[in-house]
Amino acid sequence: MPSRRREEGTSAVELVLYMPLLMIAIIFTVQFALVFLGNQAASASAREAARVARVTDDPGLGRAKGESYAANLGQGVLERVSVSVVRVGDDEMRATVSGEAPRLLPFFAPPR
């Protein structure tokens, strides 16, 4: 009769080996979600800033509205916001909103 190998504790060893990989995958997934949400908040703020600037024909007012919109909408997902509104042509305004997503890992810089 062949001898049986003892397999007690193999699940614990497997967990110790796989858990760091699982945690890294989870952190990168959450970081990607924060970058995506920050991008959506910046895009919505730029649309609002351009709309207000076009309707009022005042780039300064559009920039102020974009900053307040980003502060309210991007709270927690958009940091260090910068808004610029410029006139393009006679009746068009172009708004640009940039910012940074929060970092979960200090050594990993998410794309801007």
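Buried means under 20% relative accessible area, exposed over 50%, and partly exposed in between (1.4 Å probe, protein chains only). By that cut-off E100 is buried, at 18% relative accessibility. This is a predicted model: local features need pLDDT of at least 70, side-chain atom pairs count only at pLDDT 80 or more, and totals for chains, interfaces and linings use all residues. Residues are numbered from 1 along each chain as its sequence is written, and side-chain values use heavy atoms, leaving out hydrogens and water. Helices (H or I, at least four residues) and strands (E, at least two) are DSSP runs, numbered from the N terminus.

**Helix 1 and its ends**
- Helix 1 has 47 residues, which should span 69 Å at 1.5 Å a residue; its end C-alpha atoms are 69 Å apart, in agreement. The expected span is 1.5 Å times one less than the number of residues.
- A kink of about 35 degrees lies at Y18, shortly before the proline P20. The bend is the angle between axes fitted to the seven residues ending at a residue and the seven starting there.
- R5 sits in the segment before helix 1 (10-56). R5 is exposed, with a relative accessible area of 74%.
- D57 follows helix 1 and has a positive phi, near 60 degrees.

**Salt bridges**
- The structure holds five salt bridges (a side-chain nitrogen of Lys or Arg within 4 Å of a carboxyl oxygen of Asp or Glu).
- R87 pairs with D57, the closest N and O atoms being 2.7 Å apart. R87 lies in strand 1 (residues 79-88) and D57 in the loop between helix 1 and helix 2 (59-73), so the pair ties together parts 30 residues apart in sequence.
- R87 is partly exposed at 40%, and D57 is partly exposed at 48%.
- R63 bridges to E67 at 2.8 Å between the closest N and O atoms. Both lie in helix 2, four residues apart, about one turn of the helix.
- E100 and R80 meet in a salt bridge (2.8 Å, N to O). E100 lies in strand 2 and R80 in strand 1, so the pair ties together parts 20 residues apart in sequence.
- R80 is exposed, at 59% relative accessibility.
- E79, R80 and E100 are linked in a network of salt bridges.

**After strand 2**
- L104 lies in the segment after strand 2 (92-100). L104 counts as partly exposed, at 40% relative accessibility.
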